[in-house]
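Here is a short briefing on one protein model. Look through the sequence and the structure first, then read the points below.

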Amino acid sequence: MRISVRTPTQDGLGPVMRVLASWQQEGMPVQLHPGDLGWQWRFGPDTLADSLRVWSRDEEIVAVGSVDRDVPVDEVAVIRMALSPEVNQDEDVARVLVRDLEDPTGILRAGSAAVEARFGQALQSLLDAHGWLPDEPWTPLHRDLTQAVESGALRVETVGPSHVEERVAVQRAAFATSTFTVDRWHTMSKGLPYREARCLVGYDDDGVAVAGVTAWSAGPGRQGLLEPMGVHRDHVGRGHGTSITLAAAAALREMGSSSAIVATPASNKGGVATYAAAGFAPAPDVTDFLRPA
């Protein structure tokens with residue numbers, strides 16, 4: 001048995017996406033999803049491919065990691081992981097992953113670093129044994145989609161050429177550090193994951209764009225992801241987040257998703273309350289693994 005790690009080429013993104021999608025099974029924790037990579041596609045497929053690490057055992061992909069390339073050099077380096085359900089307790093795979101994650105000349109630069117590993121008992125146990133510490137807690141949330149989803153108060157439109165500028169404006173007004181642009185939306189919409197995705201924008205009674213979301217399917221019978229969801233800063237506190245979240249859940253159901261998932265920092269009490277109001281059930285908080293500098 002040989003376990004190797006590689007950085008995929010742009011042409012190799014398709015197989016990685018398909019494997020990631022196959023891991024989005026009911027009952028699995030919220031881990032790296034094709035929609036996460038679909039959102040990162042806005043920077044272009046080459047940049048996305050360069051951020052990925054793919055571990056294979058005898059040519060079979062067993063783990064995928066996405067390195068956050070936007071983190072300044074003086075902040076914590078981050079990699080978000082997904083593991084095959086088949087290697088949950090595989091100690092051989094865990095040892096290779098931890099070796100590669102701890103190599104200061106490899107995947108994560110020297111100094112403080114964090115690993116988002118919400119699945120893989122063997123990996124989690126070994127990170128803990130090597131002295132990695134609990135980091136910021138996150139709240140995963142889940143909504144079953146086997147039943148119809150109720151409608152919210154907003155008028156919701158699927159984003160196409162005629163709604164892109166409003167979708168981008170809402171995103172930038174919802175997130176102070178957002179670098180989203182019209183060009184980046186078009187780049188994202190041409191990506192492989194967007195073939196099973198839907199971008200939505202919500203309008204209030206005055207016809208003002210007040211909320212936006214992108215819903216990512218992993219295929220029929222699998223968990224779909226909301227990433228990202230935001231409300232325009234001038235229109236918060238009016239239930240718009242709940243309405244656009246309901247619209248995203250309904251869109252995922254139409255695309256065949258068995259459930260909708262999302263995760264938000266536990267400190268984001270308003271976000272947790274918004275998802276709960278839209279029928280999402282919170283799971284126990286989880287933490288990343290932090291390697292001190």
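Two strands pair if DSSP finds at least two bridges between them. Strands (E, at least two residues) and helices (H or I, at least four residues) are DSSP runs, numbered from the N terminus. This is a predicted model, in which local features need pLDDT of at least 70 and side-chain atom pairs count only at pLDDT 80 or more, while totals for chains, interfaces and linings use all residues. Residues are numbered from 1 along each chain as its sequence is written, and side-chain values use heavy atoms, with hydrogens and water left out.

**Strand 2 and its partners**

- Strand 1 (residues 3–6) and strand 2 run antiparallel, joined by 4 bridges.
- In this pairing, Arg57 of strand 2 stands opposite Ile3.
- Strand 2 also runs antiparallel to strand 3 (residues 60–67), with 6 bridges between them.
- Here Arg57 has Glu60 of strand 3 as its bridge partner.
- Strands 2 and 3 form a hairpin with 2 residues between them. Asp58, in the turn, has a positive phi of about 50 degrees.

**Burial of strand 2**

- Buried means under 20% relative accessible area, exposed over 50%, and partly exposed in between (1.4 Å probe, protein chains only).
- Strand 2 (residues 52–57) has 6 of its 6 residues buried, so it is largely enclosed by the rest of the structure.
- In a regular strand, side chains alternate between the two faces of the sheet.
- Both faces of strand 2 are covered. Leu52, Val54 and Ser56 are buried on one side, and Arg53, Trp55 and Arg57 on the other.

**Nonpolar cores**

- A nonpolar core is a set of buried Ala, Val, Leu, Ile, Met, Phe, Trp, Tyr and Cys residues joined through side-chain atoms within 4.5 Å.
- The largest one has 28 residues. Trp55, Ile79, Leu108 and Val115 have the most contacts inside it.
- Strand 3, strand 4 (77–83), helix 4 (91–102), strand 5 (113–116) and helix 5 (121–129) each supply at least two residues of this core.
- Helix 4 gives the most to this core, with 6 residues.
- Apart from this core lies another, of 26 residues, including Leu141 and Met229.

**Ser257**

- Ser257 sits in the loop between helix 8 (240–254) and strand 11 (259–265).
- Ser257 is buried, with a relative accessible area of 4%.
- Contact means heavy atoms within 4.5 Å. Leaving out residues up to four places away in sequence, Ser257 touches Leu145, Ser217, Gly219, Arg222, Gly224 and Leu252.
- From Ser257 to Ala129 is 128 residues in sequence and 37 Å in space, C-alpha to C-alpha.
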